[in-house]
Amino acid sequence: MASDIMPGHNVIRLYTNQRFAENIAFYRRLGYTIDAEEQWHSGVIVHMHKSIAPSGSA
């Protein structure tokens, strides 16, 4: 589990390009939530996060 690798952390964050709709759909199915969309050059960056259970939980 990710929290075993990074003790003390309870959130995984990532970003992807808005043009990669398949990636965004995949991450949402995995439980990620969109935090923000940010204009960058000629595209849009989509910032996402997922909460993870602390070690010893779940």
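Helix H2 (residues 21–29) lies across S1, S2 and S3 and runs at about 165° to S1, where contact means heavy atoms within 4.5 Å and angles run from 0 to 180 degrees between N-to-C directions of axes fitted to C-alpha atoms, for helices over the stretch in contact. This is a predicted model, in which local features need pLDDT of at least 70 and side-chain atom pairs count only at pLDDT 80 or more, whereas totals for chains, interfaces and linings use all residues. Residues are numbered from 1 along each chain as its sequence is written, and side-chain values use heavy atoms, with hydrogens and water left out.

**Chain and sheet**
- The protein chain holds two helices and three strands, in the order α-β-α-β-β from the N terminus; helices (H or I, at least four residues) and strands (E, at least two) are DSSP runs, numbered from the N terminus.
- The three strands form an open antiparallel sheet in the order S1-S3-S2, a pair of strands being counted if DSSP finds at least two bridges between them.
- Strand S1 (11–17) and strand S2 (33–40) are the edge strands, each pairing on one side only, and the twist averages 20° from one strand to the next.
- Seven bridges join S2 to S3.

**Around His 49**
- His 49 lies in strand S3 (residues 43–51), and Thr 33 stands opposite His 49.
- The side chains of His 49 and Asp 35 make a polar contact at 2.6 Å (a pair of N or O atoms within 3.5 Å; within protein, one must be able to donate a hydrogen and the other to accept it, and residues adjacent in sequence count only if both atoms are side-chain atoms).
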